[in-house]
Amino acid sequence: MLASTTAATTIGDQLADVLTQVGPIAFYLVVWGLVFAGTGLFIGVFIPFITGDSLLFAAGIATATNDNLSIWILAIGVGVAAFAGDQVGFVLGRHFGRPYLSRRRGRWVQAGVARTERFYQLFGWWSVVVGRYIPWGRVFVPPVAGIAGMAYWRFLTANLVGAVSWGVLITVVGHAAGSQPQLRPIAYIVAGLVIIASIIAGIRALVIDRSGRGEAAHTDTANIAQ
């Protein structure tokens with residue numbers, strides 16, 4: 001929680017500079033663009049803090065300290081941008097198949113892909129909703145769902161629930177922390193619960209991934225012995 005709060009503070013300072021220089025409309029566009037690029041353009045693999053929870057929390061605080069910004073315009077726009085980014089990832093995965101992810105080099109990326117595939121196999125529809133709250137999940141789940149052939153309408157409904165709830169919740173919590181001192185402890189508790197839930201889901205997926213690899217290795221050994 002401390003690390004996330006520190007990251008949010010740093011990003012908040014940067015957003016304040018952007019707002020001072022370019023005005024509220026450009027501020028909205030920068031935040032929405034980063035949220036969309038985090039999943040739709042795969043940017044979240046490399047800079048998760050700048051495209052994820054910390055960005056939204058800091059942007060929410062910014063709306064509380066500047067009368068020219070509206071929390072509801074920001075939050076609704078974030079939900080739309082997150083939804084659109086996931087839809088792009090899903091369509092690309094569905095259209096290009098497994099090679100779309102195989103071209104993403106790096107052990108960390110490929111390990112994240114494998115982990116997400118098992119996560120999706122276990123949770124299905126809910127993996128799209130829950131994945132939105134997990135840094136690697138919101139990047140990899142949409143294309144993995146597309147590659148796996150998830151029905152378009154099933155993904156669309158899950159994406160709508162996950163993207164909108166995530167976008168609105170985190171930004172509104174940030175706004176509450178910045179505008180209502182008496183609500184600040186509650187806002188931090190809510191943010192902490194979201195982070196803890198994300199960590200638990202990530203650990204659960206990691207355990208499933210390791211268990212699945214162990215079972216696969218055991219099966220291969222048994223096949224060789226036969």
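In this predicted model, Arg138 has a relative accessibility of 5% and therefore counts as buried, the cut-off for that class being under 20%. Arg138 belongs to helix 9, which spans residues 135-147. Its side chain meets that of Asp53 in a salt bridge, with an N to O distance of 3.7 Å. The pair links distant parts of the chain, since Asp53 lies in helix 4 (residues 53-65) and Arg138 in helix 9, 85 residues apart. Asp53 also counts as buried, because its relative accessibility is 18%. Arg138 has a further spatial relation, to Gly89: the two C-alpha atoms are 9.7 Å apart, although 49 residues separate Arg138 and Gly89 in sequence.

How many salt bridges does the structure hold? There are two. Besides the pair of Asp53 and Arg138, the side chains of Arg132 and Asp86 meet at 2.7 Å, N to O. Side chains of opposite charge can pair when their charged atoms come close.

Helix 5 also takes part in a helix-helix contact. Two packed helices are described by the angle between their axes and the distance between the axes. For helix 5 (residues 71-96) and helix 10 (residues 152-179), the angle is about 145° and the axes are 8 Å apart. Their crossing is right-handed.

The surface carries a nonpolar patch, formed by Leu122, Phe123, Trp126 and Val130. Together these residues have about 360 Å² of accessible area. Which helices supply the patch? Helix 7 (107-123) and helix 8 (125-131) each contribute at least two of its residues. Phe123 has its place in helix 7. With a relative accessibility of 32%, Phe123 counts as partly exposed, because that class lies between the limits of 20% for buried and 50% for exposed residues.

Terms used
Residues are numbered from 1 along each chain as its sequence is written. This is a predicted model: local features need pLDDT of at least 70, side-chain atom pairs count only at pLDDT 80 or more; totals for chains, interfaces and linings use all residues. Side-chain values use heavy atoms; hydrogens and water are left out. Axes are lines fitted to C-alpha atoms, for helices over the stretch in contact, and angles run from 0 to 180 degrees between N-to-C directions. Helices (H or I, at least four residues) and strands (E, at least two) are DSSP runs, numbered from the N terminus. A crossing is left-handed if the near helix is turned anticlockwise from the far one by less than a right angle, and right-handed if clockwise. Patches are made of residues with over 30% relative accessible area and no salt bridge: like charges are joined within 9 Å, nonpolar side chains (Val, Leu, Ile, Met, Phe, Trp, Tyr) within 5 Å. Accessible areas come from the Shrake-Rupley method with a 1.4 Å probe; for residues, only the protein chains shown count as cover. A salt bridge is a side-chain nitrogen of Lys or Arg within 4 Å of a carboxyl oxygen of Asp or Glu. Buried means under 20% relative accessible area, exposed over 50%, partly exposed in between (1.4 Å probe, protein chains only).
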